[in-house]
Amino acid sequence: MCNKGRNVTFRAFATAALAFGAMSACDHLAPAGGSQRVDAEYGKALYDTKCAACHGADAEGGGPASLGLGVVPPGLTLLSKNNDGVFPRDQVMSVIDGYFRKDHYNDPMPVFGEEDLGPIVRVEEGDFSTPVPADLLALANYLESVQVD
Ligand code: HEC
């Protein structure tokens, strides 16, 4: 799903990204230049490896590793719907990274911020430029692409 509100910023990304020969199909946040992948397709590959066992192959929850976990890993396709139709990107990245959960160390979900989440890319949004690990951005882009109304 494309977020029209980011079109102005996105055009700048698109120009820079095309110049470097790397472009994703939609206006997901992408770093200005460089060849590091952050697109949803790459995010899905990461998801399949790191997340599907718990959150399900289709991100609808209850993957095979849920059994005996104590807490059933929730489906991840209603995050936007449950947030007034807006994908809660920052919160999602915080949960994956573990930052958001640092007070809850008994949480069964691994703290992915402790492993390698790829090189840091800069995300330009409005007047802000935020450093984000590429794999974290790709995972968020993938999850944004599987949101349902
Ligand atoms: C060992 C099982 C396990 C793995 C692997 C796992 N999770 Fe989770 N995840 C959970 C559980 C359990 C919860 C619910 C409890 C909580 O909030 O931590 C959760 C919660 C979440 C939430 C918050 C959902 C909400 O409704 O707010 C997100 C987003 C999420 N996981 C994304 C991921 C992503 C992306 C990956 C892979 C990089 C991943 N998880 C890997 C078990 C797992």
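**View 1. Whole chain of the predicted model.** Of the chain's 149 residues, 29% count as buried. The model is predicted. Five helices and two strands make up its secondary structure elements. Along the sequence they run α-α-α-α-β-β-α. Take the contacts between residues at least 6 apart in sequence: 44% of them join residues at least 24 apart.

View 2. The largest nonpolar core has 26 residues. Those with the most contacts inside it are L136, L137, A138, L139, A140, Y142 and L143. Helices α2, α4 and α5 each give two or more residues to this core. The largest share, eight residues, comes from α5. Helix α5 spans residues 134–145.

**View 3. Helix α2 and its packing partners.** Helix α2 covers residues 40–50. Its buried residues are A40, Y42, G43, K44, L46 and Y47. These residues pack against two helices, α3 (52–55) and α5 (134–145).

**View 4. Close-up of Y47.** Y47 is found in helix α2. Why does Y47 count as buried? Because it has 20 C-beta neighbours inside 10 Å, and 20 or more is the cut-off for a buried residue. Leaving out residues up to four places away in sequence, Y47 touches A52, L139 and Y142. Y47 and A140 are 93 residues apart along the chain. Their C-alpha atoms are separated by 9.8 Å.

**View 5. Close-up of A140.** A140 is among the residues with the most contacts inside the largest nonpolar core. Which residues does A140 contact beyond its neighbours within four places in sequence? They are R89, V92 and M93. R89, V92 and M93 are also among the buried residues of α4.

**View 6. The buried side of helix α4.** Helix α4 spans residues 89–97. Its buried residues are R89, V92, M93 and I96. They lie on the same side of α4, because they cover an arc of only 95 degrees around the axis. Strand β2 and helix α5 are included in what covers them. After α4 comes G98. The phi of G98 is positive, near 105 degrees.

View 7. Strand β1 holds residues 120–125, and strand β2 holds residues 128–133. In which sense do the two strands pair, parallel or antiparallel? The pairing is antiparallel, over six bridges. R122 has P131, in β2, as its bridge partner. Two residues lie between the strands of the hairpin. Here G126 takes a positive phi near 60 degrees.

**View 8. The shell around the ligand.** There are 20 residues around the ligand. Which of them come nearest? K50, C51, C54, P73 and M109 do. Helices α3 and α4 each supply at least two residues of the shell. By class, the shell has 17 nonpolar residues, one polar residue and two charged residues.

Definitions and conventions. Residues numbered from 1 in each chain as written. Predicted model: local features only at pLDDT ≥ 70, side-chain atom pairs only at ≥ 80, totals over all residues. Buried ≥ 20, exposed ≤ 12 C-beta atoms within 10 Å, placed from the backbone. Helix = DSSP H or I, 4+ residues; strand = E, 2+ residues; numbered from the N terminus. Contact = placed C-beta atoms within 7 Å. Near = placed C-beta within 6 Å. Nonpolar A, V, L, I, M, F, W, Y, C, P; charged D, E, K, R; others polar. Core = buried A, V, L, I, M, F, W, Y, C linked by C-beta atoms within 7 Å. Pairing = 2+ DSSP bridges. Arc of directions from axis to C-beta.
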